[in-house]
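Have a look at the sequence and the model first, then read on.

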Amino acid sequence: MTELRLAFALIIPLLAGWTALCLLVPLSGKGLGDQFPAHRTMPVLERFSVGYGLGTGILTTTMLLLGLLGMPLTLPIVSMATAGLILLMGIEAVRRKVRLWPVAEPRRWGAHLRIELVRRRPSAGMVLEILLAVGLLYRLVMVWAEVFLRPVFAWDAFTYWSLYAKVLFVEKQLPSQSYQITATGSLSSHPLHVIFLQDWFGLALDQWNDVLINVPFAAYYTALILIIYFGLRRSQSRLFALLFAFLASSLPLLVTHAGVAQGDLPVAYYATAASIYLGHWVTNRRVGFLVLSLVLAVLAAWTKAIGILVLVIILALLVLWVIRDGQVRAWRRLMRYVIPPVAALAAAFIVLRLASFPLPVSLAQRFAFQPDVIELYVRSLLMGGSWGITWGVFLLVTVICWRSLWSPRIFYAFLFTWTGVIAFLGIYLFLPQYHENMLNGTLLDRNTLTFAPASVYCMGLAIAERLRRSPGR
Amino acid sequence: MTISACSAQDSRLPTEQFLRWSFDRPSSSNWTITTGNATRTPNGRLRVDFTESTVLLSPAGLRLDSQRYNVVMVRAKTWNDDDSMTLLWQLGSRVESMDVPIINSGEETYTYYFDLSQSPSWKMASPVQQIGLMPTRQGARGDMEIEEIRILPRTALLEASIRWGEFSRPEYLSQFAKILSVGGTGVGGQPLNAIAYWLIALGIAVVYLVSALRRSIPAWLRWLDSRALLVLCLVLWLALAARFGLDQWHTLQRDTALFAGKPMLGKQSALLSGTYRQFLGFAQETLPANSSVRLITNDLAFWMAQYYLYPLRISETALLYLVYDFPNGAEHFQFDSSAGTLVRITDQGERQIIGSGLVLVAQFDANGAIYEARQ
């Protein structure tokens, strides 16, 4: 029974995300303002991976609205409200004649498979692909095995994320601001996505299960790796896509957070996915990808306060795109799609404010320049245990592949990651409260986790591009 | 206290051969400890109970040629509140030392090497008469179960074995810290990250050289360009990723032993020492829901309590006192039932009253109890 309930907990957000995604990036046909040829759209597995993140966002936003309306957050109410939303989106899809499920074309699939088999003679590349696929599978098996073994264990989960989710699960309503339970964090210090998500799993399971509330985080990990794979596969060979998906799956801190009930991995998922789909927009100019990127960036801000930085960077890159590529004429059209999510975010903050949750980040902080941070920051990125040599190679790749960086897809991906890394350095340099957290090792690696998977994606694009070029170029 | 150890030495051999000790049967070669307890376990190991200033000392009069014998190997299982172990030896009137990180799993036996080949004070101490072992941090407590101690000359084979041991050892040191660290492990005292960067720096130098001498080098060397450098980076990165896969395997093994097949309370208890988790459950059952409680413990486990205690709430002003005294804590608590006072005794022996007018509500076990302040 628990297995069925767990499946239900995963299926509802997947369905919501899938349906919403079909409206943005249709399986084929007319999407949000654009015709999507079949080869420009998304494979099914990628749809599930993006749909999971979108769907959890839809689910938790629904829970927030229900809570603010004073409705009890019980399984029937949350399920019915989400199901209602799925139905509405489904009706809209039907109205727009958007297909909600890929039509099986077995004959075509068979032909495709035959061609693949004929083309693909055994080679060193094929052996490498198999090895990498096995490595990737090993990583996923290890992560999922851990998740089903270990109860909640991390400090922040105990003192904030899982604690408040448990409170929500027991009380079935939004805790009031006067609610004082924790010694180390308050409900206002982060957005509520992760808390609602854990609460949802508790509701679906009909029990507070210390082990199974970690499942959504392993699902984020899996979805993130698949998004990186498919993101690279769009422009690179399968070997390169597998190689960098494997390397991304091997980031030690990312793996650690796959089983930790905290917001760091989900925000990394949203940041990476937002940057990848921004790249697709820049390359393909399908508005669906742009809106998807913006929605994912908004969800990053809904997951952790640091996600606001992700949203700001994505918006800044859009402005840069307009200026750099002389796309001023497209600006008006663009704004039609930029304004709604930004306005929605602003509205969400106002609502939160009215609900007496203070804004997640107070900008009224004392400024102080602390240059000693630079050395610590660089040392942590390059020599710390959380990343191996990822950031060192990223730096080297930026230098070596300099000429490859100017293709639009690679340019914006690199700019996104570098801006994130430098923005963190700026935050640590000037804001003393973060400086302290950095010195005691609490925050730094977890913050850079936000941009680490995107850095691997960038390297995948740039290295593949460089290796394709003739020597000396 | 004196512990008999069985050494590999035969009394007919010269003293210098006196270089391996196991503890499976009594012998005349005696190890001693300064304070605390040491017992021989049924499986032939020496179990040392470290208290505040325990040092495990080898037999005196070793007369070791430290120029030749420069590696001390200890095979042991440890579970104490320190994450490194110290080797001691004497140089003139000074006591010299070297630390190695240890794995406090308490479940598996690991081999630790003190590599003294680069230690001038070890070389100068020749002939070394006695060595000692202790937890690095002063006052650290815990147990160590020693299977074997050896003093060896450094050979190429031993070197390779040590390096491989360093590369492949599990990194999982702490029970809670799950940061599986690639950079944290190392070879020869260098983190793996640093070794990888050195190799990349070497690669950069070679590529630069090849590019500068392009016309004068043989054609078969000209493939050494920036693309080769990228391939080198990828190979090193893959090697570290594979090494990390080993960490994951160790983690899974350890977590399976810790958590698999246990009910939820058992899994949660595995995260905490003693009966703390059971005590929190007891408080939940004993006290009315939504009560406010004051939690008093001598351990960091304080921060987990609010999660487990909920719907009981922690408040600094509550009248109910939940007191749990971890036996290994630096400070302890004492309840005087006649005066109704709860006293904290610090590690310096100071006594501070932290509650008065208290009555015992429920006693969980020797370490945990619930009190109430009567106003």
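## Salt bridges in chain B

B:Lys77 pairs up with B:Glu145 in a salt bridge, and their closest N and O atoms are 3.8 Å apart. The two come from distant parts of the chain: B:Lys77 sits in strand β7 (residues 69-80) of chain B and B:Glu145 in strand β12 of chain B, 68 residues apart. Keep in mind that this is a predicted model.

Are these two side chains out in the open or tucked away? B:Lys77 counts as buried, at 16% relative accessibility. B:Glu145 counts as buried too, at 6%.

Strand β12 of chain B turns up again in another pair. Here the side chains of B:Arg47 and B:Asp143 meet in a salt bridge, at 3.0 Å from N to O. B:Arg47 belongs to strand β5 (residues 46-50) of chain B and B:Asp143 to strand β12 (residues 142-153) of chain B, so this pair ties together parts that are 96 residues apart in sequence. B:Arg47 is partly exposed, with a relative accessible area of 30%, while B:Asp143 is buried at 14%.

These pairs belong to something wider. B:Arg45, B:Arg47, B:Arg75, B:Lys77, B:Asp143, B:Glu145 and B:Glu147 are linked in a network of salt bridges. As a bit of background, side chains of opposite charge can pair when their charged atoms come close.

Another salt bridge joins B:Arg154 and B:Glu159, with 2.1 Å between the closest N and O atoms. B:Arg154 is partly exposed at 25% relative accessibility, and B:Glu159 is partly exposed at 25% as well.

Here are the pairs described with a distance, including one that reaches across to chain A.

| Salt bridge | N to O distance |
|---|---|
| B:Lys77 and B:Glu145 | 3.8 Å |
| B:Arg47 and B:Asp143 | 3.0 Å |
| B:Arg154 and B:Glu159 | 2.1 Å |
| B:Arg313 and A:Glu171 | 3.2 Å |

Over all chains, the structure holds 25 salt bridges.

## A threonine beside the network

Which residues does B:Thr109 touch, leaving aside its neighbours within four places in sequence? They are B:Arg45, B:Arg75, B:Ala76, B:Lys77 and B:Glu147. With B:Arg45, the side chain of B:Thr109 makes a polar contact of 2.8 Å. B:Thr109 is in the loop between β9 (94-101) and β10 (110-115) of chain B. It counts as buried because its relative accessible area is 19%, under the 20% cut-off.

## Chain B as a whole

Stepping back, chain B has seven helices and 22 strands. Of its 375 residues, 47% count as buried. Among contacts in chain B with a separation of 6 or more, 63% are between residues 24 or more positions apart. The accessible surface of chain B is about 17600 Å², and 55% of that belongs to carbon and sulfur atoms.

## Where chain A meets chain B

The contact draws on 65 residues from chain A and 52 residues from chain B. Together the two chains bury about 4900 Å², 72% of it on carbon and sulfur atoms. On the chain A side, A:Leu149, A:Phe158 and A:Ile389 lose the most area to chain B, together 14% of what that side buries.

There are two salt bridges between the chains, and 18 residue pairs are in polar contact across the interface. Which element gives the most to the side of chain A that touches chain B? That is α6(A), with nine residues. By class, that side of chain A has 42 nonpolar, 15 polar and eight charged residues.

How values were computed: Residues are numbered from 1 along each chain as its sequence is written. Chains are lettered from A and ligands numbered from 1 in the order in which they are written. This is a predicted model: local features need pLDDT of at least 70, side-chain atom pairs count only at pLDDT 80 or more; totals for chains, interfaces and linings use all residues. Side-chain values use heavy atoms; hydrogens and water are left out. Helices (H or I, at least four residues) and strands (E, at least two) are DSSP runs, numbered from the N terminus. Buried means under 20% relative accessible area, exposed over 50%, partly exposed in between (1.4 Å probe, protein chains only). Contact means heavy atoms within 4.5 Å. Accessible areas come from the Shrake-Rupley method with a 1.4 Å probe; for residues, only the protein chains shown count as cover. Buried area is the accessible area (1.4 Å probe) that two parts lose on being put together, summed over both. A salt bridge is a side-chain nitrogen of Lys or Arg within 4 Å of a carboxyl oxygen of Asp or Glu. A polar contact is a pair of N or O atoms within 3.5 Å; within protein, one must be able to donate a hydrogen and the other to accept it, and residues adjacent in sequence count only if both atoms are side-chain atoms. Ala, Val, Leu, Ile, Met, Phe, Trp, Tyr, Cys and Pro count as nonpolar, Asp, Glu, Lys and Arg as charged, and the others, Gly among them, as polar.
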